[in-house]
Amino acid sequence: MAATTGPCGSVDLNLTRVFALLGKRWTGLVVAVLSHQEAYFADLRRAIPGISERMLSDRLTELAEAGLVVRQVDEGPPLRVSYRLTEAGRALGPALEELRLWAAVHLPERPAGTC
């Protein structure tokens, strides 16, 4: 619920909380990849070009702490760690799809080879 202070009011506290988590670089992409299926760390790294192992590890830890991702250790050998979305994480699917559709219509594509 937004408080109305001044001519513009203030931002909704729930939006502030969601963007504090999902507004971090790579976080939305990690959730998007996991929305399709459970994945091992190496699979996630391959699916998200440009993300470092450290950054992926940090984002997965944050998502797990927020209750959106479950980390499961598969006893080896070899020892492997898989990740999957919780019910709360899966509930982000429709919002991510709406953002994807919005971007397809409203954000111009960059020419190949540009960042």
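Analyst: Helices (H or I, at least four residues) and strands (E, at least two) are DSSP runs, numbered from the N terminus. This is a predicted model: local features need pLDDT of at least 70, side-chain atom pairs count only at pLDDT 80 or more, and totals for chains, interfaces and linings use all residues.

User: In what order do the elements of the protein run from the N terminus on?

Analyst: The protein has six helices and three strands. Start at the N terminus and read on: the elements run α-α-β-α-α-β-β-α-α.

User: What radius of gyration does the protein have?

Analyst: The C-alpha atoms fill a box of roughly 60 × 35 × 25 Å along the principal axes. The radius of gyration is taken over C-alpha atoms, and the globule rule is 2.2 Å times the number of residues to the power 0.38. For a compact globule of 115 residues that would be near 13 Å, but the protein has 17 Å.

User: What percentage of the residues count as buried?

Analyst: Buried means under 20% relative accessible area, exposed over 50%, and partly exposed in between (1.4 Å probe, protein chains only). Of the 115 residues, the buried ones make up 22%.

User: Which residues of helix H2 are buried, and on which side do they lie?

Analyst: Helix H2 spans residues 27–34, and its buried residues are Thr 27, Val 30, Val 31 and Leu 34. They cover an arc of only 95° around the axis (the arc of the directions from the helix axis to the C-beta atoms), which means that these four lie on the same side of H2.

User: In what order do the strands form the sheet?

Analyst: Two strands pair if DSSP finds at least two bridges between them. E1 and E3 are joined by two bridges and run antiparallel. E2 (residues 69–74) and E3 (residues 80–85) are antiparallel too, with six bridges. The three strands make an open sheet in the order E1-E3-E2.

User: Which are the edge strands?

Analyst: An edge strand here pairs on one side only. That holds for strand E1 (39–40) and E2.

User: How many residues lie between E2 and E3 in their hairpin?

Analyst: Look at the paired residues. Gln 72 stands opposite Ser 82, and Val 73 has Val 81 as its bridge partner. E2 and E3 form a hairpin, and the residues between them number five.

User: Which residue in E3 is the bridge partner of Ala 39?

Analyst: E1 also pairs with E3, through two bridges. The E3 partner of Ala 39 is Tyr 83.

User: How far apart along the helix are Arg 46 and Asp 43?

Analyst: Their side chains meet in a salt bridge, 2.5 Å from N to O. A salt bridge is a side-chain nitrogen of Lys or Arg within 4 Å of a carboxyl oxygen of Asp or Glu. Arg 46 is exposed at 60% relative accessibility, whereas Asp 43 is partly exposed at 29%. Both sit in helix H3 (residues 41–47), and because they are three residues apart, their separation is about one helical turn.

User: Which residues are linked with Lys 24 in a network of salt bridges?

Analyst: The structure holds six salt bridges. Glu 62 bonds to Lys 24, with the closest N and O atoms 3.2 Å apart. That pair links distant parts of the chain, 38 residues apart: Glu 62 is in helix H4 (residues 53–65) and Lys 24 in the loop between H1 and H2. Glu 62 also forms a salt bridge with Arg 59, and the network links Lys 24 with Arg 59 and Glu 62.

User: Is Arg 59 buried or exposed?

Analyst: Arg 59 and Glu 62 are three residues apart in helix H4. The relative accessibility of Arg 59 is 10%, so this residue counts as buried.

User: What is the accessible area of the surface patch that includes Phe 19?

Analyst: Phe 19 lies in helix H1 (residues 13–22) and counts as exposed at 57% relative accessibility. Patches take residues with over 30% relative accessible area and no salt bridge; like charges are joined within 9 Å, nonpolar side chains (Val, Leu, Ile, Met, Phe, Trp, Tyr) within 5 Å. Areas come from the Shrake-Rupley method with a 1.4 Å probe, and for residues only the protein chains shown count as cover. Val 11, Leu 15, Val 18 and Phe 19 form this nonpolar patch, and together their accessible area is about 370 Å².

How values were computed: Residues numbered from 1 in each chain as written. Heavy atoms only, no water.
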